[in-house]
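Dear colleague,

I am passing on the structure we spoke about, together with notes on what was found in it. Please look through the sequence and the model first, and then read on.

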Amino acid sequence: MVPLPRESALKFTEGVRAGWLTSDLIAWADEHLIRPERLSVRGSDRLRYVAERDFGIVAIEGAREPPAGKLRSMTASHVPHLLDVARQHVIEALRASIELDDRPFVHAALLANRVVRTREPSGASLWRVKVGEETPLSEMVLALFAADALEHPEDYDQDLSVCEECGAVTLTPLPNGSRKGCPVHLFGGADHGQPVRRHHPHGGHAFGT
Ligand SMILES: [Zn+2]
């Protein structure tokens, strides 16, 4: 049974927020990504490398060097940082969709054929994620959100919220209707009556927030 795209996407955003390591990424990929109908890894049954735009590409332990390309090849010790950058790219795209009252990440995923309409054996048609190993990790996660948004557009138009305080992504409506909060911080960064404080996972400057 393939987990639903929403479950897979939220597992990533919320897991990385809590501090994923390489082993968590591998477990998530095994359970949520590596399936013929989502991510097919040629000639292998496991994740061999992971890439992120504006960051680099990392070979997962035991795998050969990733293909040479535009991305900088980095060592496995960079995976937690890569995960943070990928999550930050996802958060930015979701925030933009709330601010623009549109879903640019869905259009992008459709344009890149990372979500496709398929017909199930039962006759029902369904949006599915279709990504390759070279797809940046954030684009994989955004494709999962896009497939979910195409099935449940009203949840993304009305309920999607990205917390300004902690970066949590929620798709269940908050009691006050906020789109910048989470169940813990109902009013996002404004609930202390203080200037918005951003979440800095490693101290210093948070990416793009
Ligand atoms: Zn929060």
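**Aromatic cluster**

W20 and W28 are both buried, where buried means under 20% relative accessible area, exposed means over 50% and partly exposed lies in between, with a 1.4 Å probe and protein chains only. Before going further, please keep in mind that this is a predicted model, in which local features need pLDDT of at least 70 and side-chain atom pairs count only at pLDDT 80 or more, while totals for chains, interfaces and linings use all residues. Residues are numbered from 1 along each chain as its sequence is written, and side-chain values use heavy atoms, with hydrogens and water left out.

The structure holds four aromatic pairs; rings of Phe, Tyr and Trp (its six-membered ring) are taken to pair if their centres lie within 6.5 Å, and planes under 30 degrees apart count as stacked, over 60 as edge-to-face and the rest as tilted. One of the four pairs is made by F12 and W28, whose ring centres are 5.1 Å apart with planes at 50°, so this pair is tilted. F12 belongs to helix α1 (residues 5–17) and W28 to helix α2 (residues 22–33), so that the pair links distant parts of the chain, 16 residues apart; helices (H or I, at least four residues) and strands (E, at least two) are DSSP runs, numbered from the N terminus. F12 counts as buried at 0% relative accessibility, and W28 is buried with a relative accessible area of 2%. W28 also forms a tilted aromatic pair with W20, at 6.1 Å centre to centre and 50° between the planes, and F12, W20 and W28 form one aromatic cluster.

**Zinc site**

The zinc ion is coordinated by C163 (SG), C166 (SG), C182 (SG) and H185 (ND1), at 2.1 to 2.3 Å. Donors here are N, O and S atoms within 2.8 Å of the metal (3.2 Å for Na, K and Ca), and sites may look incomplete because water is not among the atoms. The four donor atoms subtend angles of 100 to 115° around the zinc ion, which makes the arrangement tetrahedral, a label given to four donors if all angles lie between 85 and 135 degrees. Along the chain, the donors of the zinc ion follow the spacing C-x2-C-x15-C-x2-H, and both C182 and H185 are buried.

**Salt bridges**

Ten salt bridges are present in the structure, each being a side-chain nitrogen of Lys or Arg within 4 Å of a carboxyl oxygen of Asp or Glu. Among them is the one between D157 and R103, whose closest N and O atoms are 2.5 Å apart. D157 lies in helix α6 (residues 153–159) and R103 in the loop between α3 (79–100) and α4 (104–111), so the pair ties together parts that are 54 residues apart in sequence. D157 counts as partly exposed, at 34% relative accessibility.

R114 and E139 also meet through their side chains in a salt bridge (3.4 Å, N to O); R114 lies in the loop between α4 and β4 (115–119) and E139 in helix α5 (residues 137–151), so parts 25 residues apart in sequence are tied together. E139 is buried, with a relative accessible area of 17%, and R53, D54, R114 and E139 are linked in a network of salt bridges.

With kind regards

Notes
Tetrahedral: all angles 85-135°; square planar, octahedral: opposite > 155°, others 65-115°.
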